[in-house]
Amino acid sequence: MGAERAFDAQAPTVTITGYISSYPLVSDVKQQLHVMAQSITTGNAHFAVDGAVRLTTGIRQRYGYGQPVRVRGRLVTPPDFDDFSY
């Protein structure tokens, strides 16, 4: 039940506004970002929040530490593993 949850078509689509909270980890084809979320919008509802989101994206658009961002996608809770949990 691990990675397939990340592609759950039933997960809600949201827009998160915040900023890059650490230096992106960049590889040849992707980058991992940690975003401090300040607001979230889903449907017609908009909420102020204080939390972290980890996401992976391509490298076409590069991001920097502290950069404000607005990202859109499906929000899922990562699975718990025997020896690790987010």
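**View 1. Strand 2 meets strand 3.** Leu 25 has Gln 32 as its bridge partner in strand 3. The model is predicted. Strand 2 covers residues 25-26. Two bridges join strand 2 to strand 3, and the two run antiparallel. Four residues link strand 2 to strand 3 in a hairpin.

**View 2. The whole chain.** The chain has five strands and zero helices. In sequence order the pattern reads β-β-β-β-β. The C-alpha atoms fill a box of roughly 35 × 30 × 25 Å along the principal axes. Of the 86 residues, 19% count as buried. The accessible surface comes to about 6,500 Å². Carbon and sulfur atoms hold 53% of that surface. Among contacts with a separation of 6 or more, 60% are between residues 24 or more positions apart.

View 3. Strand 3 spans residues 31-42, and strand 4 spans residues 45-57. The two strands pair in the antiparallel sense over 11 bridges. Met 36 has Ala 52 as its bridge partner in strand 4. Thr 41 stands opposite His 46 of strand 4. Two residues lie between the strands of this hairpin. Gly 43, in the turn, has a positive phi of about 60 degrees.

**View 4. Strand 1 against strand 3.** Strand 1 runs over residues 13-20. Strand 1 and strand 3 pair in the antiparallel sense. Six bridges connect them. At one of these positions, Gly 18 has Ala 37 of strand 3 as its bridge partner. Strand 3 also pairs with strand 4, and bridges join strand 3 to strand 2.

**View 5. The largest nonpolar core.** This core has 10 residues. Its members are Val 14, Ile 16, Ile 20, Leu 33, Val 35, Ala 37, Ile 40, Val 53, Leu 55 and Val 69. Strand 1, strand 3 and strand 4 each give two or more residues to the core. Strand 3 gives the most, with four residues. In a regular strand, side chains alternate between the two faces of the sheet.

**View 6. Val 53 and its contacts.** Val 53 belongs to the largest nonpolar core. Leaving out residues up to four places away in sequence, Val 53 touches Ile 16, Leu 33, His 34, Val 35 and Ala 37. Among these, Ile 16, Leu 33, Val 35 and Ala 37 are also listed in the core.

**View 7. Ser 39, a buried serine.** Ser 39 is found in strand 3. Its relative accessibility is 11%, so Ser 39 counts as buried. The cut-off for buried is under 20%. Beyond neighbours within four places in sequence, Ser 39 is in contact with Thr 15, Ile 16 and Thr 17, among others. The contacts of Ser 39 also include His 46, Phe 47, Ala 48 and Val 49.

**View 8. Gln 31, a buried glutamine.** Gln 31 lies in strand 3. Its relative accessibility is 0%, and therefore Gln 31 counts as buried. The Gln 31 side chain reaches the backbone oxygen of Gln 61 at 2.6 Å. Neighbours within four places in sequence are left aside in the contacts that follow. Gln 31 is in contact with Pro 24, Leu 25 and Val 26, among others. Its contacts also include Leu 55, Thr 56, Thr 57, Gly 58 and Ile 59. Gln 61, Arg 62 and Tyr 63 are in contact with Gln 31 too.

**View 9. From Gln 31 to Arg 72.** These two residues are 41 residues apart along the chain. Their C-alpha atoms are separated by 16 Å.

Methods:
Residues numbered from 1 in each chain as written. Predicted model: local features only at pLDDT ≥ 70, side-chain atom pairs only at ≥ 80, totals over all residues. Heavy atoms only, no water. Core = buried A, V, L, I, M, F, W, Y, C linked by side-chain atoms within 4.5 Å. Buried < 20%, exposed > 50% of the residue type's maximum accessible area, 1.4 Å probe, protein only. Contact = heavy atoms within 4.5 Å. Pairing = 2+ DSSP bridges. Polar contact = N/O pair within 3.5 Å; in protein donor to acceptor, adjacent residues only side chain to side chain. Areas by Shrake-Rupley, 256 points an atom, 1.4 Å probe, with all protein chains shown as cover.
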